[in-house]
Amino acid sequence: MKYRSRIELVGEVVSGPEYSHTAHGREFWQMRVAATRQSGVRDILPVTLPAEMLETWHPEKGEALYILGQIRSHAESCDGVNRLCVEVAAAELRTPEPGDPENAAEIWGELDFDPKYRLTPFGREIADMLVRVPGKYQKVNKIPCIAWGRNAQLAAALEAGQQIMLRGRLQSRKYTKEGADGQRHKRTVYEVSAAEITAPEPEEAE
């Protein structure tokens with residue numbers, strides 16, 4: 001199995017692009033894009049793109065875009081707390097066309113830890129996962145994933161190091177957490193909500 005991630009998005013630019021950082025001699029910029037679910041909920045997702053992409057296309061606020069790219073992550077310290085930052089690394093931008101997937105994510109990787117299976121207060125089955133996907137320059141992207149119902153049951157039977165393939169959507173979720181200062185802080189987590197999970201046998205993964 002070739003480890004990688006892929007995502008296709010159709011969304012509306014809600015902010016940016018603004019300068020983000022420089023890595024390996026290249027400048028990168030970041031914007032926020034809103035992808036709307038069938039329920040009407042809007043996921044506001046960070047999208048990073050190389051500066052050279054802006055030479056041919058400079059997205060404007062309110063503009064509709066089709067984005068093809070990868071899901072990447074990096075660790076960042078904020079207020080003395082380390083957190084995992086997830087983003088879409090854009091490889092292609094264009095005007096949306098009929099039939100474009102509105103939010104289709106695919107991940108091939110390995111489980112970083114045993115999935116955490118639990119029940120919500122309403123009795124729904126849920127499993128939290130962290131999937132490792134190797135990237136360039138010996139970097140490893142760790143992508144948070146979540147599964148529900150039957151997929152949560154399947155995930156619960158897996159172990160750290162297991163190869164796994166997930167298909168679903170990248171979504172944002174807000175929550176409140178108490179910090180070391182005793183104050184409650186609002187945070188946003190980005191995760192792949194799995195609609196399909198496959199755990200290939202080792203001989204199938206070659």
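This is a predicted model: local features need pLDDT of at least 70, side-chain atom pairs count only at pLDDT 80 or more; totals for chains, interfaces and linings use all residues.
This is a short talk on side-chain pairings and packing in the structure shown above.

Let's start with charges. How many salt bridges does a search of the whole structure find? It turns up 15 salt bridges. The one I'd like to show you joins Arg-169 and Asp-43, with 3.3 Å from N to O. Arg-169 is in strand β10, residues 163–178, and Asp-43 is in strand β3, residues 42–50, so this pair ties together parts that are 126 residues apart in sequence. And is Asp-43 buried or exposed? Asp-43 counts as buried, because its relative accessibility is 0%.

Next, have a look at Glu-110 and Arg-132. Their side chains meet in a salt bridge at 2.8 Å, N to O. Here too the pair links distant parts of the chain: Glu-110 belongs to strand β6, residues 103–111, and Arg-132 to strand β8, residues 125–134, 22 residues apart. Glu-110 is partly exposed at 21% relative accessible area, and Arg-132 is partly exposed as well, at 24%. These two also belong to a network of salt bridges that links Glu-110, Asp-112, Arg-132 and Lys-142.

Then there's Glu-76 with Arg-83, where the closest N and O atoms of the salt bridge are 3.3 Å apart. Glu-76 is partly exposed at 32%, and so is Arg-83, at 40%.

On to the rings. The whole structure gives us 1 aromatic pair. That's Tyr-19 with Trp-29, edge-to-face, 6.2 Å centre to centre and with 85° between the planes. Tyr-19 sits in strand β1 (residues 4–23) and Trp-29 in strand β2 (residues 26–36), so the pair ties together parts that are 10 residues apart in sequence. Tyr-19 is partly exposed at 45%, and Trp-29 is partly exposed at 23%.

Some rings have a charge over the face. Arg-94 lies over Tyr-66, 3.8 Å from the ring centre, and Lys-116 lies over Phe-113, at 5.1 Å.

Last stop, the inside. The largest nonpolar core has 38 residues, and Met-31, Ile-67, Met-129 and Leu-166 have the most contacts inside it. Leaving aside neighbours within four places in sequence, Leu-166 touches Met-129, Val-131 and Cys-145, among others. Ala-147, in strand β9 (residues 140–148), is buried at 0% relative accessible area. Again setting aside neighbours within four places, its contacts include Met-129, Ala-194 and Ile-197.

That's my tour, thanks.

Methods:
Residues are numbered from 1 along each chain as its sequence is written. Side-chain values use heavy atoms; hydrogens and water are left out. Rings of Phe, Tyr and Trp (its six-membered ring) pair if their centres lie within 6.5 Å; planes under 30 degrees apart count as stacked, over 60 as edge-to-face and the rest as tilted. Helices (H or I, at least four residues) and strands (E, at least two) are DSSP runs, numbered from the N terminus. Buried means under 20% relative accessible area, exposed over 50%, partly exposed in between (1.4 Å probe, protein chains only). A charge sits over a ring if NZ of Lys or CZ of Arg is within 6 Å of the ring centre and within 35 degrees of the ring normal. Contact means heavy atoms within 4.5 Å. A nonpolar core is a set of buried Ala, Val, Leu, Ile, Met, Phe, Trp, Tyr and Cys residues joined through side-chain atoms within 4.5 Å. A salt bridge is a side-chain nitrogen of Lys or Arg within 4 Å of a carboxyl oxygen of Asp or Glu.
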